[in-house]
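Visitor: I'm new to this one, could you walk me through it?
Guide: Gladly; let's bring it up and start with one spot.

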Amino acid sequence: MDITVSITTKNRYYNTLSISLMSVINQTLPPKEIILVDDNDKKEFYNIDVYKNIIKLLKLKGIKFSYYHGPAKGQVYAQQVALEHCTTDWLFKMDDDNILDYNVLEVLSSTIKENTGAVSGLIFGCDLDINRPADEEPPMYNKIEHVFSHFNIQMCGGQDKSIKQ
């Protein structure tokens, strides 16, 4: 099954983006392509050493990589750019501050049947706060900066191209 992963980013070059990209690259079912839409004012991605190495790894793993920059119009615009450039029937959308569990794409794709139009998942968190009262609900985390992060999965797509629009 061919899956495109889209990541929209802004000002996360030096903290979370590289870890998010590595979590996609190391999936048990690797995507066919990754589309990164960069909503930064400055175009710095290709000048940062860690991303030069990530691009080499993508080539080694046979994962197509597309990068789109600007014009700082916000996340909705950036997501639309990714949709317009998606070349597969399935698009997995993730944020630049999420880490995927190693088999998210494999698990989600295993649920797809002939008449499936979209697949979605849950954000899981584990609670390690021993100071939290026993009767209080544990918090849910889905950001890299939280040590409780497991995965945040959102996948949409469809057999009909008009569904994406």
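Guide: Asp-95 counts as buried, at 15% relative accessibility, where buried means under 20% relative accessible area, exposed over 50% and partly exposed in between (1.4 Å probe, protein chains only). This is a predicted model, in which local features need pLDDT of at least 70, side-chain atom pairs count only at pLDDT 80 or more, and totals for chains, interfaces and linings use all residues. Residues are numbered from 1 along each chain as its sequence is written, and side-chain values use heavy atoms, with hydrogens and water left out.

Visitor: Which side chain does Asp-95 meet in a salt bridge?
Guide: Asp-95 meets Lys-93, at 2.6 Å from N to O; a salt bridge is a side-chain nitrogen of Lys or Arg within 4 Å of a carboxyl oxygen of Asp or Glu. Lys-93 is buried as well, at 15% relative accessibility.

Visitor: And how many salt bridges does the structure hold?
Guide: The structure holds 5, and among them is one between Asp-96 and Arg-12, whose closest N and O atoms are 2.7 Å apart. Arg-12 also pairs with Asp-97, at 3.3 Å from N to O, so that Arg-12, Asp-96 and Asp-97 are linked in a network of salt bridges.

Visitor: Are those three buried or exposed?
Guide: Asp-96 is buried at 6% relative accessibility and Asp-97 is buried at 3%, whereas Arg-12 is partly exposed at 25%.

Visitor: New topic: what share of the protein's residues is buried?
Guide: Buried residues make up 45% of the 165 residues in the protein.
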